[in-house]
Amino acid sequence: MGNTAAKQEESSEKEDVVEYLDEHPIFLSDYIDRNPHLLDNYVVNNVDEATVSNWLEKVQKPPPTEVLQTLRIDYLKEKNCTQHHTDKYMHKDLVIRRADYFALDLCFKNRTYRPAKDKILLEFAVGNSKGAQGTLFRIPVKDSLQGSQWSCMIVNENETAKKITVQVNVPPDAIIGRYKLTVEVTSILADGPKTERKAKPDVIVICNPFKPADVCFMEKETERNEYVLSDTGIIYFGQYYRIGGKKWLFGQFEEGILDIALKLLREDSRVKKNPVKSLKQRSSPAYCSRILSAMVNCVDDKGVLYGRWDGEYSDGVRPTTWNGSVKILKQWNETKMQPVKYGQCWVFSGILTTVLRALGIPARSVTNFQSAHDVEFNMTIDKFVDENGDEADFETGDSIWNFHVWNEGYFRRPDLPKGYDGWQAVDATPQEESSGIYQCGPAPVKAIKNGEIFIGSDTNFLFGEVNADRLTWKINQDQEVEALIKREMRHVGRAISTKAVGTNEREDLTEHYKYPEDSVEERAAFDRAYAHAKKTWYHEKLDTIEKEEDIKINIKSVGDVVNGKTVTVVIEVKNDTTVDKTAAMSIVLKTMLHNDQQKAFLKRIKYEKQIKAGKAETQSIELPFSEYGRHLVDNAVIRVVTTARVKETDNFYVNSFDVQVESPDCIAIECDDQLKRSSYNNVKVTIKNPLPVTLTKAVFSLDGSGFSGKEIKIKDPIPPKESYTYTAEVYVYRSGTVTLMVDFDAVEIMNIKAEKDVTVVE
């Protein structure tokens, strides 16, 4: 019985081995090397004499008289790039994605390949590490592949053409970067072995969202098409109640952009301190995205973009002028890494989307409206008003931006506990230092939603941006904090937006970042974050909030608010009590930068009004273009701040509202519905002056995917209601759908955009 059981167990083990090798044929060669008797037995029992004679003849041929010489390598670019979804890259080198194999034809110069006498090895070296361990990969050509590591196998021999076809497997954790390829051939000659090495053109390896083994894998094809392969998109701006969107040319496949993305990974100061360690870390998209978030801005290194928010751009380009990333990245590269002037958050985000997608990391631009900038990391935005109801400078630099744009990259997080895979927030706009450098992320969006700021990667700052409470404090004439007069828990983090997959519609991501306002889960997330936040001394007075009276201030704009027209604002003050109240009103209007900084004071209106019990009083204010036009900056915001001091109680109330002044629709683009590739095409652009004043120093900027942009300066002034037309010759070098984008700026008006999709044919 014992022998029978042993035989059954042995048979079962053999079946398991056979089944495993059937499912994993790449391990067959290693298995035979470990068990050579199996091959011997198979040959003796199953192979005929003629076959054996043929094998012996090949082995017993006299040794070659010269080493096998490599003539060239055919990178089979069309085949490989199609397979790896890299055919859109305008690049002279082969661009492939890791976690997959690619094919090469090795063509020989002097004779055919003889397996028994010639040993071929492919050497891939990444970076300038001079062969440091983990950066140099010597891969012998075998008869099988191993998916988890660099490996190579022969798949075809063509003696007539003196070439062999090999497949090279790139592991899923391969370092992202440029690899120098060397072909090493060792031939056994009559006087012993001889080796020849030939360096060949480089191969560039990027991430692979198309294969499950890569941490960047994205399951849905529609999402890969949007977040990896699409080279244009929409970035949102404006106000949460009136959201605007601007087309952006990411251009990750344009000539030179991939090389610039790799250059950014090399030029970070931390990389230069420890190049080998940093090089190995480039296998992680989390590491790459953090480095890029620092290098897209120029604060700490020779980064790409100079940020400026004061409205003064005379020595550079106004942030609103840019239509895409390509011009900016190329200018930075061509000027030997001189920072490009100027950018704001949407420009930083557009560039970061470009370089992430160029490296194969799925990415998108995300806009957060009413975005908090929590300087103290205490999870609140603290504002202070004095006894007159005016906002006062006091200790903190907290602010709430009309909108702020950052990025998300999509990848798994093996460096964190389970549960944090998926979208990761990363931000290149220099707001606050992280580990002594202006960088931000990648922070798991799931951790942000749950207030788990202890997870690191700047989750604390990003939580504050979307879910901080807004606190208004009263201070006395001695600059002492007396009490909390207002706590707003729904003010921050509105209408978080990105472009929807496959359409030009907006997708709302708010529920990804926060639970529904006032829900138990949302308050629990805030309490969790607040418990781990830095503590501020005046927060000891959080429980001293003054008793609210039922006086409500509501502010709204009336009708279409378009630049060049009169802006009308209505302020309503409502008394919900049963007692008449007398209110001293103060209304201030000022133009604002979108980062919550005042640009220009416009006017102040003061009056006193009795408000009957249960009634409301309204005040209408008209602001003609002559009063606001020359003071508008960047994204054209007018802030209306209203305070009401109730004489009977000496309590006062404050509210503010940002009026978004829209750009008029005054540009037309005309061209043929079909443009010809590799030729010049006429595009006509017409601007009609929408303002009651003359436009001076006007400039058109014309950009688009698949052609070189143009800047057209208009010498002559454009009088009111007059038009100006310019015809540009555009050379298009890519077929398919092309988006033409035009920006128009003048001294008197800016940020006028237009776009048109056209088809390019051969």
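**Rings, charges and a covered helix**

Student: Starting with Phe 348: buried or exposed?
Tutor: Phe 348 counts as buried, with a relative accessibility of 0%. Keep in mind that this is a predicted model.

Student: How many aromatic pairs are there?
Tutor: The count comes to 25 aromatic pairs. In one of them, Trp 309 and Phe 348 have ring centres 6.4 Å apart and planes at 10°, so the pair is stacked.

Student: Why stacked, with planes at 10°?
Tutor: Planes under 30 degrees apart count as stacked, and the planes of Trp 309 and Phe 348 are at 10°, so this pair qualifies.

Student: Where do Trp 309 and Phe 348 lie?
Tutor: Trp 309 is in the loop between strand E12 (305–307) and helix H11 (326–334), while Phe 348 is in helix H12, so the pair ties together parts that are 39 residues apart in sequence.

Student: And Trp 309, what is its relative accessible area?
Tutor: Trp 309 has 18%. Buried means under 20%, so Trp 309 is buried at that value.

Student: What about Phe 526 and Tyr 530?
Tutor: Phe 526 and Tyr 530 also form a stacked pair, 5.9 Å from centre to centre with 15° between the planes. Both residues are buried.

Student: How far apart are Phe 526 and Tyr 530 in helix H16?
Tutor: They are four residues apart in H16 (residues 520–531), a separation of about one helical turn. An α-helix has 3.6 residues a turn, so residues three or four places apart point the same way.

Student: Which residue lies over the face of Tyr 530?
Tutor: Lys 535 does, at 5.3 Å from the ring centre. Elsewhere, Arg 494 lies over the face of Tyr 240, at 4.3 Å from the ring centre.

Student: Which residues make up the ring cluster?
Tutor: Phe 102, Phe 124, Phe 137, Trp 150 and Tyr 179 are linked by ring pairs.

Student: OK, charges now. How many salt bridges?
Tutor: The search of the whole structure finds 43. One of the pairs is Arg 242 with Glu 662, at 2.6 Å from N to O.

Student: How accessible are Arg 242 and Glu 662?
Tutor: Arg 242 is partly exposed, with a relative accessible area of 41%. Glu 662 counts as partly exposed too, at 24%.

Student: What does Glu 627 meet in a salt bridge?
Tutor: Its partner is Lys 603, at 3.2 Å from N to O. Glu 627 belongs to helix H17 (residues 625–628) and Lys 603 to strand E27 (residues 598–611), so the parts tied together are 24 residues apart in sequence. Glu 627 is partly exposed, at 33% relative accessibility.

Student: And Asp 118 with Arg 111: buried or exposed?
Tutor: Asp 118 and Arg 111 are both buried. They form a salt bridge whose closest N and O atoms are 2.9 Å apart.

Student: Which residues are linked in a network of salt bridges?
Tutor: Lys 92, Asp 93, Arg 178, Asp 202 and Asp 259.

Student: Last topic, helix H6. Which residues are buried?
Tutor: In H6 (residues 221–229), Arg 224, Glu 226, Tyr 227, Val 228 and Leu 229 are buried.

Student: What covers the buried residues of H6?
Tutor: The cover includes helix H12 (345–358) and strands E2 (94–97), E14 (363–373), E18 (422–426), E22 (494–499) and E23 (506–508).

How values were computed
Residues are numbered from 1 along each chain as its sequence is written. This is a predicted model: local features need pLDDT of at least 70, side-chain atom pairs count only at pLDDT 80 or more; totals for chains, interfaces and linings use all residues. Side-chain values use heavy atoms; hydrogens and water are left out. A salt bridge is a side-chain nitrogen of Lys or Arg within 4 Å of a carboxyl oxygen of Asp or Glu. Buried means under 20% relative accessible area, exposed over 50%, partly exposed in between (1.4 Å probe, protein chains only). Helices (H or I, at least four residues) and strands (E, at least two) are DSSP runs, numbered from the N terminus. Contact means heavy atoms within 4.5 Å. Rings of Phe, Tyr and Trp (its six-membered ring) pair if their centres lie within 6.5 Å; planes under 30 degrees apart count as stacked, over 60 as edge-to-face and the rest as tilted. A charge sits over a ring if NZ of Lys or CZ of Arg is within 6 Å of the ring centre and within 35 degrees of the ring normal.
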